[in-house]
Amino acid sequence: MTRTAIEAHDLGTTYRRRKDHWALRHCSFRLPAGRVCALVGPNGAGKSTLLSLAAGLLRPAEGSLRVLGSPPAEARTRIAYVAQEKPLYQQLTVEDTLRAGRALNPGTWDRAIAERVVGDLPRGERVRSLSGGSRTRLALALALGKRAELLLLDEPMADLDPLVRHRLMGVLMAEAAEHGTTIVLSSHILTELEGVCDFLLLVDGGRIRLGGDVDEILAAHTLLDGRDAGQDDRRDGGRPGDRPGSPLAPHTVVESRATGRRLTALVRTEGPVDPARWEATRPSLEELLLAHLRAPEAPSLLTPAATAGAREAVTAS
């Protein structure tokens, strides 16, 4: 049976300052171990909250969460978490920080990978004097040097220049391939995720709207483009595909847009596509995600790999 890195059942938590407002609710999913997972969603969707819960820094208000087979607090030594703020001890130098990483992880510390990520940063420079991008490199060096089983990275590349970002992405992918490390990567740079991540979790409205193998999710969707399609629907003010008899039936419409006498739609295919009416293409990951983000009412989709198992197999954290 495939090992599980993270599994949630009806997970819910409220904001610290607004206990009546849910950051996550009815959130259920499974992330198999050894995957590189893109965690995406709009601002305020609950991505950072989900990562903090998985890191054991927050406790859920309801539901349950298991990380590497244990409650998050018990799995902390096997997890490395890099938050958006990249918290580091400001008075320490780069060399002091690396030395602290070795002292805190005596059995697993890998100085070679930490040095590779730090690169040419001056070892005597204090953290408070470093640029945002340099602090990011140092925080990632600590995370990778720990040799954790699970890396939780919250917008880790946002303040890096494209060349450094590309190089560090390569390091992350090599880690996943060589050591079977599970990586959860939150990012707003959608083009950066394609070709890098093999698993997807789209968080929106406090729940998982898309989850599973990237290839399976892409294969379940099709971009349709047709001339003179959906004219009656648009004349009546409806969204094409909303009613029986629509030219987009029987497919599930995620998003449709009319331009003049043409209709373009992203659909979840529910049968053959009529080639006489539609030009069908496979969407890119960016096209898929943007369409779902623009259409929050679209139905959710979790592939079997992302579907949580029986609830009784998961104990509350």
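Accessible areas here come from the Shrake-Rupley method with a 1.4 Å probe, and for residues only the protein chains shown count as cover. On that basis the chain exposes about 14,800 Å². Carbon and sulfur atoms supply 50% of that area.

Some ground rules. This is a predicted model, so local features need pLDDT of at least 70, side-chain atom pairs count only at pLDDT 80 or more, and totals for chains, interfaces and linings use all residues. Residues are numbered from 1 along each chain as its sequence is written, and side-chain values use heavy atoms, with hydrogens and water left out.

The overall picture, then. The chain has nine helices and 14 strands. Those are DSSP runs numbered from the N terminus: helices are H or I with at least four residues, strands are E with at least two. Of the 317 residues in the chain, 50% are buried. Buried means under 20% relative accessible area, exposed means over 50%, and partly exposed is in between, with a 1.4 Å probe and protein chains only. Now contacts, meaning heavy atoms within 4.5 Å. Take those between residues at least 6 apart in sequence: 71% join residues at least 24 apart.

Next, helix packing. Two packed helices are described by the angle between their axes and the distance between the axes. Axes are lines fitted to C-alpha atoms, for helices over the stretch in contact, and angles run from 0 to 180 degrees between N-to-C directions. Under 35 degrees counts as roughly parallel, over 145 as roughly antiparallel, 65 to 115 as roughly perpendicular, and the rest as oblique.

Start with H2, residues 94-104, and H3, residues 111-118. They pack at an angle of about 150 degrees, with their axes 11 Å apart. That makes H2 roughly antiparallel to H3. The crossing is right-handed. Handedness works like this: left-handed if the near helix is turned anticlockwise from the far one by less than a right angle, right-handed if clockwise. Which residues meet? From H2, Val 94, Glu 95 and Leu 98; from H3, Arg 111, Ala 114, Glu 115 and Val 118.

Arg 102 also sits in H2. Arg 102 and Ala 114 are twelve residues apart in sequence, and their C-alpha atoms are 9.8 Å apart in space.

On to H3 and H4. Their axes come within 8 Å and cross at roughly 165 degrees. So H3 and H4 are roughly antiparallel to each other. H3 brings Ile 113, Ala 114, Val 117 and Val 118 to the contact. H4 brings Arg 137, Leu 138, Leu 140, Ala 141, Leu 144 and Gly 145. This crossing is right-handed.

Now H4, residues 132-145, with H5, residues 162-179. Their axes come within 12 Å and cross at roughly 5 degrees. H4 and H5 are therefore roughly parallel to each other. Arg 137, Leu 140 and Leu 144 of H4 meet Val 164, Arg 167, Leu 168, Val 171, Leu 172 and Glu 175 of H5.

Over to the strands. Thr 182 lies in S7, residues 182-186. Thr 182 counts as buried, at 2% relative accessibility. What does Thr 182 contact, leaving aside its neighbours within four places in sequence? Ala 5, Leu 31, Pro 32, Ala 33, Gly 34, Arg 35, Glu 149, Leu 150 and Leu 151.

Strand S1 covers residues 4-14, and His 9 is in it. His 9 counts as buried, at 6% relative accessibility. Its side chain joins that of Glu 7 in a polar contact of 3.3 Å. A polar contact is a pair of N or O atoms within 3.5 Å; within protein, one must be able to donate a hydrogen and the other to accept it, and residues adjacent in sequence count only if both atoms are side-chain atoms.

Asp 10 has a positive phi of about 50 degrees, although it is not a glycine. At 37% relative accessibility, Asp 10 counts as partly exposed.

Glu 155 is not a glycine either, and its phi is positive, about 50 degrees. Glu 155 lies in the loop between S6, residues 150-154, and H5. At 10% relative accessibility, Glu 155 counts as buried.

Last stop, Pro 250. The peptide bond from Ala 249 to Pro 250 is cis, with omega near 5 degrees. Pro 250 is in the loop between helix H8, residues 231-235, and strand S11, residues 252-259.
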